[in-house]
Each structure stands twice: as C-alpha cells, then as structure tokens.
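Visitor: I have a structure open on my screen and would like a friendly walk through it. Could you take my questions one at a time?

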Amino acid sequence: MKHLTANEFATKYKPLVGAVIAIALIFLAPAVMSVYSLGLLSKYLCYAMVAIGIGLAWGQGGMLTLGQGLFFGLGAYVMAIHMKLEDIGPNQVPDFMSQYGITQVPGFWELFRNPVIAVIGVAAVPGIVAAVLGLAVFGRGVRGAYFAILSQALVAAFAVLLIGQSKTTGGTNGLNDFKGFFGYDLTDPANKRMIYYICAFLTLAMVLIVYWIRRSFIGNLIIGVRDQENRMKFLGYNPASIKVFAFSVAAMFAGIGGAMFVPVVGIISPSDISVTPSILMLAGVVIGGRTTLLGPLVGTLIIRFAETQLSEAYPSAWTYLEGLIFILVIAFVPMGLGQFKGVWPWIKEKLGIGVSGPVKAEAVKA
Amino acid sequence: MGMLFPQIVAGLSNGSILLLAALGLSLTFGQMGVINNAHGEFMMAGAYTAYVTSTIIGNKAVSLGVALVVGFVVAGLLGLLLDVLLLERMRNRPLDTLLVTFGVSLVLQQLARDIFGATPVYAEAPDALTNPVTVFGYSFSAGRLFIFILSIVCVAALYAVLKLTPLGRQIRATSENRDLAEVSGISTKTVDHITFFLGSGIAGIAGVALSLLNSISFNFGTTFIVQAFLVVVAGGVGQLKGAVIASFVLGLAQSAIELPTSASIGQMAIFLIVVVFLQFRPQGLVSIRSRNLA
Amino acid sequence: MSEEKDMTTTPASREELEQLRAEMVQMRDEAKRMRDEAAAMKAEIAEERTRLHDQLAVLDDRGGQWNDYLEIKGLHVEFDGFVAVKSLDLTVEHGDLRFLIGPNGAGKTTIIDAITGLVPASGSAKFRGEELLGRKPNDIVKLGVGRTFQTASVVEELSVLENLQLAEGFRKKGRDLFRTVGGVSQNIEYMLDVCNLTDDMNTPAGILPHGKKQWLEIGMLLVQDAHLLLLDEPVAGMTPAERVQTGELLKRCSKNRTVIIVEHDMEFMRQFADSVTVLNQGEILAEGSVEEIQNNEEVVRIYLGGDQ
C-alpha cells in the first residue's frame, strides 16, 4: 500500500519535482561553467527549443518536418534586424546596405525597430507562416512524405531567397557583428549569463507547455490525427486544424530558438538554416526518442555537445558519425533513447524490487 | 516570338534536367514508397564516374559513353546495397527511410570529399557537345540538347521495360498488390531490389549527363534533389507520365519567371506553384480507401 | 421460557451471570449486524436493479425520436464514368435495424461512403430533415450520423477510455481542449458497460482482440450520440459467440436509433435483421423482411443461391 501512495505522490508532483530539479540545474550551471562554455550551452539550448517543437509535431503529430530551419530563420532574422537597427540608431542603414547605395532601411526592417513588436514577431511571424502553410497543405490532406518534401523545398527556397535578396538580407554573409541586446552590451559576461538564463527558462517553459499539451485532451487529438487521420473526421474533428495547431506551436518554438541564437552566437546566415542544417535539427530528436517528452531536449544537448567536441578536431569523422547516427538509430532503434524506457521497470521486475505486478500495471497506465 | 522561342527552349532544357534527376526517384518512390534522400548522392557518384573515366580514357566521346554505362552500374549497385542492407527492413515505415537515406547521403558526401577532395573537378565533354548548334537561326548548347535527348531516351526505355517486359509486369504487379504478387509466385523481395537498382542506376546516368553542364563536387547532388522531389510530388505517385509532365511544366515555368525576375524568385515560385497545384489536385496524392481507411 | 425460568430460579454464580450477559450482548450485536447486512443487501439489490434498469433505459434515453429517419432520394455515385450507385431511393425508419446485402461491387459500402461525405454524390440524403450530401465528414457527424469501417480503425496507442473520450469530445471548444480529461463521464461509463468493455477500460486499444475492437467502434458511435449508425461488416472475423453478442447489442441500439449494417454473413442477417435491402449493381433488387427476401426468387438466384 505504501508503494501505491508513493506512486501516487510521484505522479501528482512529477512535473513540479521535475521543474524544481531543472531550475536548480539551471542556476547551478553558471557556478561551475566558464562564460565560454555557458555560451555553448546557450547555443545548444537554442537548438533544443527547435527540437522540442519537432518532438511535438513529428513524434506526437506524425508530421515529419524537414524545414524547421525556415521558422528558426524567420525568428532569427526578425531578432537580428531589430538588434541591427538598435546598434546603428535611427536614420542609419547597415554597412552592407550602404554598399549597395541604399539610404533607407526597407519597410519590413522598420517594422521590427520597436522592441515589443520584435519580441512578438520572433514567435508570431513563424507561427503565422506555419499556420498559413499548414492550412494550405493539411487542409487538402497532404501528409507524410509529401509534407516532408514540401517542408524541405520551402526551406530550400527560403535560403535561396535570402541569398538572392542580398541587398536587404545581407545575402550569404547574413547579419552579424551585433553590439547590444535590448540595450545590454553583448560583450559583458554578466549579460551573457543573463542571456543564458533567458534561453534556459524559455527551454523549461517549452518543455512544460509540451508536457501540458500531452496531458490534455488536445494531446490525445494530436495522437489520434497521427495514427488515424481519416477516422478523426468521422469522429467529428477537422484533422487539419489539429495539425495546424501542433505545427504552428513547433514553428513558434523554432522561431524563439532562432531569435535567441542571434545574441548567443552573434550571427545568422543562410548556411545556418538551409536544407542540411534543417534536417540536422532532427538529429537530437532522433537520438533522444521522438515520442518522449524529454528525449528531444536530452538528445539535442548530447549531439550538439559531441559536435563541439569532435567536429573541429575530426571534421571528417564527425560527419560520418552524424550520418551513421541517422542510419543506425532510425533503422535499428527508431525510438532512440526512448526505446530503453521500458528497460528499467523490466530490470526492477526481474530483480523483484519495487512495486509488484498488478500495481505496476496500474502505475504504467496512469 | 523572338523572345519567346529561346525562352521555351531554355524551359524545355531545364525540364529535361529536372526529368533526368527525378525519373529514378519517381520509380523508387512510386513503386516502393521509399523516399530516397541519397538519390542526389547517387547522381554525384555518376558524375564522379564521368570524371574518373575522363582521366583514364583519352577519347572524350568514348569516355562519355563508357561513363554512362559504368555510372549506371555504379549508382545502381550503391542503391542495391542500400536496399539490401537497410531499406528492406523498413518497408512498413516509409517516412523513416527519408531520414535513413539522409544519413547515407551525409556519409556518401563525406566519402566523396575524402576521396576526391573538396575542390570541384570537371569531366571534359566531347568537343561536339561543347560547341553550340544552330537550328532555324537560333543557337543552342549542344550539351543541353544531348541531355534533352537522353532524358527522352531514358523515359522511353523505362516505359518499355515497365510495359513490355515480364520484369516490368512483375514490378507493376508488386507495386499494385504486394500480397497478391507474392502468392502469384513473384519474389517481391527480388523485384524490389531490381526496382531500386534501376531507379538508382538512372540517377547515375543523370549524374554523368549533368556533369557536362556542372562542375563536380561532393555537393553535386544537393543542387538537384529538392526540385526533383517537387517534381515527384507534383507528378503523382508511380506515374511516369506525371513525372514527365511535371518536369517540363516546372522547367518552363521556372525559365518564364526567372527571366523577368531572378533565379531566387524563380525557385520560390516553383515551390508556390506546386503548393497551389496541390490545392486543386490532391486526388493524385491522396486516396482514401473507405473499406479500411488505410 | 422454562429455561429462562430456570435461570431466574436457579441461583447462579456471578461468573455464570457475567458470561450469560456477555453472550446476550454478543447475540444482540449479531442480530444487529445481520439486520444491517440485510439492509445493505436490500440497498445493493435496489441499486443493482436501478443500474440494470438504467443500462437498459440509457440506450433508449439517448436515442432519438420517430422523425429521426434516413431518407435517400435519387442517390447517384459515379467514379470516372463507372456508375457505382444508380439513382437510388432508400428510406430507413427510426427503430429499424436494416441490413444492406448484395454481391461484391453492388454499391453497399459506396452508399455509406456517400452519406458520410467520403465520396461525392448527387441526389439527396436526409437525416432528421437535414441534407447530408455536400457536407464534410466532420460536419455530418455533428448531425448525429456515425459510421464504422471494415477494418477497425481505433487509435491503437490510446486506451479504450481515451478512444471513447475522443469520440465524446468533438463538441469541445477553446479552453476545454486544453484541459486534462479527468475521470470517466457518466455517458462513457454507461457505454463501457453496454459494450462489455468496462474491464478493458485502461487497455491500449491496439492490443484488444479483434472482436472487442469492433465493440469499441460501436461504443464510440454510441458516446458520440450518433442516432444514425452505419456499420460496415461489423462482425467480420468474429467468433460465433461474439457475433451473437454484437447482434444483441445492435438490436438494443436499434430500438431507439436508426441502424444500417452492410453485411455478408447471411446467418447473422437472418438472426438479427428487422428489414433487408438487397442491392445489385448499384440498384435495389428487393426490399422487405427477412422472409420476404428469402422467398424472393430473383434474390435467391442472384445472391442467396450460392450461400444456401
């Protein structure tokens, strides 16, 4: 009986306990890490935000999106435009524009001069683009591989557009060389720590949002649409709107990740968001387990850490490893680390520790 | 007329390039449901084959002829290997093959970079194909004309194989009803392998042909793959006819839009055309079978 | 009485007296306990009776009215020039359990597809006076029309309860979508009971045996308050016992609903059909009670012949 109450306690307070542990870890990191490592961790967290969204759209919703770079890029460019305008002050244009003889920033730049609009824009712009695209595509029943291919084509077209419109987007070089972030000096270590905290708490918030979605009724709807899209119509739902919702949330997460990427890394360019980087944003989700809550986050942190450690010393070997991860994990362990979720209860059962059979079954169901 | 004619020619040429790149994909995607992200790298393998033969064989025309055959075999064998080792066990998870083959494409690209270096190389084309030819007072690139003809030949050959040979019948039977084909004595496993070999082999031919126009580097395939996918999506599953029409329509549209605007706008426009097209004709792509709602 | 007298007359030791008193207390307690038990049992019986009554009544209560009938007029379905259903008229009344039978390709499933918005059709199909044709499947559901498919199409990863909640929740809007669905609603509890699924409530639908999957499908129709139930071969692949159970369940459902079943199983039809429509090549060949159909020579020749 005692086990049951312990279980009940665990189920009831799991998110709270998890959040407390996460917050403790977030505050612990600056104490034990250098400013440089903290910057790297912030960067990983930006990618993790994208991954958490992918987990929702792909793992829960079955929408394999190969084009999250688009939304990452939209968020990033909105933020970069705002920061650039803030750096250069009113009635000035960035250096690359003056080289083309442009004397006034274009309208879509001017829009994001206002910090409030910029902050809203980093989530709203990707969200709206995703919603419009989703309505067009999901509304007509396009899904699966077709959707994956379209999302990939869209991000490819976006990258080409950014390069092609170099007069207003900075072209291949992208936007870089930022000095301040909403009035705070980017070179100051204290401000870097602040940016890290923002990234960390945004990530935590996204995990909690996904946790909440998964627990609520709409979480079941999303799974229903993934596994039985047409059946859902005959249960009275419009699958397209459910998919648009999940896809837009994922896009907003990616946009916010992209927006934080700019102050953290200091540059955004088409090479950060084109076809291959977009698919690589899936790597962490693949490793961590697409259907799990924390898998995308953990997987992304692992793979981005490994990337930093290996890619510079052994660039060739790293690419092979990256390729092999996709090949081996997807082919043989499709659920990633999530596949090992059942191992611990299994060991416990074999060893006869912990809860007894039927009670455990109850706990699993709960 | 004066402006229109060269533009149409450019469009047809673009279309034939798209068609060559998409033909093999259309076969493997349509017949087997496999989305092969490494298709571009099979094209790259074909292109590097052309480069290798051109360094070995002095006569450029002979070298090209040899490369077309060897490129077909090399890319085909790569595809066969991929199918036997990986894709065979993933028949019921088509979406996952997209990611697995992406991993394969990463590996193949790095392999090419390690073997041939990061700097682009060139396979020298026969002189006959580098000189322009003049028809009705307009001059065309002979290389592009060659690619146009080659793409038509490939389509015709593939069509003939699918429609006229026993192998083609088996391929079609397998794609239409796998279980029925199996009980009718067709080894669907073997048919799948052959189909994949054929589709990948066509990528090799495409790579050899396109090396006439482009420099060859490890990211040779990435230039074509995204648009090739779009052709397959717009053309519909398993429809050679669809792929042919989609290639030329998109090729013509691209050259028509590119001319007054820019290449980047052209590419964006292609994407939008396909999405808009899907609004009107998703039927080719979506089929609900009411009895089991699969 | 004599014993008592003995007890009063015979002087007893103090211990004996104490013991007797204790025994009496014990007996009184026992009597009280038995009385309580009897009362509890009585209450339980009453409760059980109301529960059974409820269960029987619930299907009726949630049913519809006499004017909930299906009226199809001039229904016409064509695929690329092939006429699958040829200007067909069909009326199925409230409380009817109608079987649609006919050889393969007769257009049975196509009729259901047309009514539920899966295939485009011309003509008219009205339920409760509302036109069904030309609406989207998810809007048709809101008019109280529910259907199943030949292959059970439940969400395998979700539990039986969660599947039923999906079926129940289509009217949810806005904030309700973002709430955790806590507990089992009265409606679902009834229907779990009716469909014999209470014990499997928390089982993932994917691991249910085939028969129970179909029951779950029927349960989903019931919780979504469908008053026109369209079932495509609901008993295919079921054991004989399961067939009978399913038939009885559908019979009960049909008392206050309109039920149409597409079926190949003639024995099942004979057992449970209220009325039968025989289709052939998109047209109605015959219509009537089971006996009438069985005695119809043309039907016997074309369809039943091989089966009997």
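Guide: Happy to; what follows is a set of questions and answers on this predicted model.

Visitor: How many helices and strands does chain C have, and what share of its residues counts as buried?
Guide: The secondary structure of chain C comes to 11 helices and 10 strands. Its contacts with a separation of 6 or more are 67% between residues 24 or more positions apart. Of the 308 residues in chain C, the buried share is 39%.

Visitor: In the sheet of 4 strands in chain C, which strands stand at the edges?
Guide: This open sheet has the order 2-1-4-5, with antiparallel pairing.

Visitor: What is the bridge partner of K126(C) in strand 5 of chain C?
Guide: Strand 4 (residues 122-127) of chain C pairs with strand 5 of chain C in the antiparallel sense, over 2 bridges. The partner of K126(C) in strand 5 is E131(C).

Visitor: Moving to the sheet of 6 strands in chain C, by what angle are neighbouring strands turned on average?
Guide: The order in this open sheet is 6-7-8-3-9-10, and the pairing is mixed. Strand 6 (145-147) and strand 10 (283-288) of chain C are the edge strands, each pairing on one side only. With direction ignored, neighbouring strands are turned against each other by an average of 20°.

Visitor: Which helix of chain C packs on that sheet?
Guide: Look for a helix that touches strand 3, strand 6, strand 7 (228-232), strand 8 (258-262) and strand 9 of chain C. Its direction makes about 140° with that of strand 7 of chain C. The answer is helix 3 (residues 108-115) of chain C.

Visitor: Which residue stands opposite T258(C), and which stands opposite V259(C)?
Guide: Strand 8 of chain C pairs in the parallel sense with strand 7 of chain C over 5 bridges. Strand 8 also pairs in the parallel sense with strand 3 of chain C, over 4 bridges. Opposite T258(C) is L228(C), and opposite V259(C) is L97(C).

Visitor: Is L197(C) buried or exposed?
Guide: L197(C) is found in the loop between helix 6 (186-194) and helix 7 (210-223) of chain C. Leaving out residues up to four places away in sequence, it touches V160(C), L192(C), K212(C), W215(C), L216(C) and G219(C). Because it has 23 C-beta neighbours inside 10 Å, L197(C) counts as buried.

Visitor: In chain A, which helix gives the most to the side of domain 1 that touches domain 2?
Guide: The domain assignment gives domain 1 (33-277) and domain 2 (282-366) of chain A. Their contact takes 16 residues from domain 1 and 16 residues from domain 2. Helix 2 (35-60) and helix 9 (189-215) of chain A each supply at least two residues of the domain 1 side. The one that gives the most, with 11 residues, is helix 2 of chain A.

Visitor: How does the side of chain A that touches chain B divide by class?
Guide: In this contact, 40 residues of chain A meet 37 residues of chain B. The largest share of the chain A side, 15 residues, comes from helix 7 (144-164) of chain A. By class, the chain A side has 28 nonpolar, 9 polar and 3 charged residues.

Visitor: How much of residues 64-86 of chain B is helix?
Guide: An unreviewed UniProt entry places the feature "transmembrane region" at several stretches of chain B, including residues 64-86 and 262-280. In the model, the end C-alpha atoms of residues 64-86 lie 32 Å apart. Residues 262-280 of chain B are 95% helix and 0% strand.

Methods. Residues numbered from 1 in each chain as written. Chains lettered and ligands numbered in written order. Predicted model: local features only at pLDDT ≥ 70, side-chain atom pairs only at ≥ 80, totals over all residues. Buried ≥ 20, exposed ≤ 12 C-beta atoms within 10 Å, placed from the backbone. Contact = placed C-beta atoms within 7 Å. Domains from an automatic or database assignment. Pairing = 2+ DSSP bridges. Axes fitted to C-alpha atoms, helices over the stretch in contact; angles between N-to-C directions. UniProt positions renumbered as here; feature names shortened; annotations may be inferred. Nonpolar A, V, L, I, M, F, W, Y, C, P; charged D, E, K, R; others polar.
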